[in-house]
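Hi,

Here is the model I promised to send over.

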Amino acid sequence: MAINKYRAMKVSKGFSIHLLLGLVAFTCIFPLFWMLRCSFMTLETVFTDKSIIPTAFHFGNFIKVLTEEKFGIYFMNSVIYTASVVSAIVIIASLAAYSFSRLRFPGKNFFFYMFVAAMMIPLPGSFVPLYVLINKLNLVNTRIGYILCMTNVGLSMSILLLKTFFDKMNTDLEDAARIDGCGKLGIWWHVALPLARPAIAVIVIFNALNVWNEFILAQLLLTDTRLMPLQKALMEFQGAHSVDYPVLMAGLTLAAMPIILLYLAMQKHIVKGFSYGATAG
Amino acid sequence: MTSLAQRKKFTMGDAKESLVNFSFILPAVILFSIFYIYPFYDIFRLSLHEWNGIDAQKYYVHFDNFKELFKDGNWWRSMWHAGIITFFALTFQNVMAFALALACDQKIRMKKFYRMIFFIPPVLSEVVVGFIWMWILNGDMQSGEYIGILNYLLDKMGLHHLITSWLSNPDTVLTCIALVHCWKGFGWGFIMLFAGLQTIDAQLYEAARVDGANSWQIFKNITIPMMVPVILVVIFLTVLGSMQVFVLIKAMVGQGLQDYTSVPVSEIFESMIGLKRFGYACAQGVSFGVTLITISLVFKLLSTKVKQY
């Protein structure tokens with residue numbers, strides 16, 4: 001009797017836990033499913049057909065959004081910005097983090113804490129002076145202006161994370177390379193960078209998320225439609241045709257899918273990233 | 001001994017080596033100086049001026065922008081709205097995140113699956129999340145049927161009294177925004193709290209159980225004290241993130257219902273783009289930043305206090 005009661009309690013506990021987790025998981029997935037579903041409908045059926053799986057699949061929205069609404073261009077712009085900013089951050093941050101961790105020069109701590117402080121101080125209105133500066137430099141409506149701004153945004157976090165990683169990394173291989181006559185730059189490129197791959201994966205995914213999803217600076221700095229990234233294009237599209245939901249949903253699908261796929265592919269690095277973050281901070 | 005002697009004498013070789021080592025951080029320092037330090041200085045300078053952002057002439061107005069801001073009802077109202085959203089995030093979102101992290105920390109199946117799903121909303125952009133929910137919460141009707149799925153389901157379930165146009169009703173719009181913000185954000189808290197729970201030594205739990213402690217006692221006397229540092233970080237990040245919400249609201253309601261949905265960042269945007277008052281926008285940014293820094297310093301103090309126990 002007692003054992004049966006104990007088992008019954010355990011089963012009901014397991015059931016209620018799964019019920020809670022399952023319910024929340026459902027609310028996480030359903031909006032995305034609904035977006036995907038509506039992107040396959042026409043303007044006529046989307047308002048009336050409420051079946052879970054639509055009765056007829058219609059691919060026209062994706063063609064329309066890519067060609068007529070030029071989302072192909074915006075998609076490529078987003079890819080260009082994300083790829084350039086992420087590679088710039090990986091190179092610049094790993095150079096700096098390597099130097100902070102391994103090399104000696106006067107004022108090292110000062111410069112390091114300068115980057116750390118920038119991460120701690122929230123500056124919510126900084127887009128105003130940043131816009132003024134970019135305007136002064138004549139970089140409004142240029143790819144390079146936006147790329148430089150966004151590179152700076154991700155720099156502090158990436159330097160801190162990589163430095164923490166280098167600090168814990170064994171120096172044996174680097175010492176061996178030095179004895180073999182490899183220069184500092186060579187050691188950074190041939191030894192340290194490949195060994196830091198797990199930490200690089202973390203900064204790649206977080207910075208890619210950040211750039212792909214960024215809106216405020218894109219809104220201010222890129223008014224030329226040929227240079228707009230996806231997020232801004234979606235906002236403009238919604239402003240222009242507020243009722244074409246199927247096409248809007250197709251656009252949202254295009255903007256959401258690459259980042260969801262990147263996340264699913266690099267998922268294990270995210271949990272790892274949080275444990276680095278915990279030790280770094 | 002020899003190394004100590006070498007260190008004392010700073011030779012030309014050392015200077016050259018320092019210069020080479022410094023050159024590794026040079027690209028980062030240059031970018032940082034131009035795109036962080038200079039704007040940081042500029043926001044303070046501009047906040048003391050009246051300037052439309054175009055003219056060469058800026059008028060130095062001393063602290064007038066700040067005085068005006070202090071009496072600006074719209075500004076305080078926007079702070080109030082952000083405060084309400086932050087309140088939702090601190091209570092509902094964080095309790096939810098903690099409950100889910102605890103549930104995932106049990107010995108159950110499909111743990112990895114749930115963990116994977118819960119972090120999908122945080123990877124989406126605010127624009128995407130805002131538009132998806134705007135469509136779900138749509139309050140319009142077409143040929144006798146509700147077009148938003150939420151109202152449609154409420155209608156079919158017979159809950160007619162709950163049906164409303166969620167995002168154009170002043171009574172519901174801010175709550176809807178806050179809940180969508182929680183939906184998008186709980187995954188961050190979840191994953192940090194989950195990572196924290198994983199670091200607690202299982203032997204502690206076992207020892208407590210051997211001593212006859214029940215689940216509630218274990219939770220209160222082991223889990224909570226061990227998790228305090230992580231909880232504080234999550235609270236801190238929740239406050240900073242929620243106070244600065246803006247793009248989500250812009251996507252969900254656009255320019256509509258400004259009186260009920262304005263937040264500090266949207267006010268800064270409006271001062272800059274709409275009113276062309278760059279100085280005033282900077283003053284708003286500075287005082288908002290100072291508010292947030294004060295909050296974070298209080299948390300810093302709290303967390304060092306707590307860690308001492």
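In α5(A), the residues A:V128, A:P129, A:L130, A:V132 and A:L133 meet B:F35, B:Y38, B:P39, B:D42, B:I43 and B:L46 of α2(B); two residues count as in contact if their C-beta atoms, placed from the backbone, lie within 7 Å. By class, that contact has ten nonpolar, no polar and one charged residues. (Nonpolar is Ala, Val, Leu, Ile, Met, Phe, Trp, Tyr, Cys and Pro; charged is Asp, Glu, Lys and Arg; the others, Gly among them, are polar.) The axes of α5(A) and α2(B), residues 12-46 of chain B, come within 8 Å and cross at roughly 110°, which makes α5(A) roughly perpendicular to α2(B). Axes here are lines fitted to C-alpha atoms, for helices over the stretch in contact, with angles from 0 to 180 degrees between N-to-C directions. Under 35 degrees is roughly parallel, over 145 roughly antiparallel, 65 to 115 roughly perpendicular, and the rest oblique.

Before you read on: this is a predicted model, so local features need pLDDT of at least 70 and side-chain atom pairs count only at pLDDT 80 or more, while totals for chains, interfaces and linings use all residues. Residues are numbered from 1 along each chain as its sequence is written, and chains are lettered from A and ligands numbered from 1 in the order in which they are written.

Now the whole interface. On it, 69 residues of chain A are in contact with 68 residues of chain B. α1(A) gives the most to chain A's side, with twelve residues. That side has 53 nonpolar, 13 polar and three charged residues.

Within chain A, α6(A) and α9(A) (residues 197-212) have axes that come within 10 Å and cross at roughly 160°, so these two helices are roughly antiparallel to each other. Among the residues that meet there are A:M150, A:L161 and A:F165 in α6(A), and A:V202, A:I203 and A:N207 in α9(A). The contact of α6(A) with α9(A) divides into nine nonpolar, four polar and no charged residues.

As for the chain A fold, there are 13 helices and zero strands; these are DSSP runs numbered from the N terminus, with helices being H or I of at least four residues and strands E of at least two. Buried residues make up 43% of the 281 residues in chain A (buried is 20 or more other C-beta atoms within 10 Å of the residue's own, exposed 12 or fewer, partly exposed in between, with C-beta atoms placed from the backbone). The C-alpha trace of chain A spans about 75 × 70 × 35 Å along its principal axes.

Cheers
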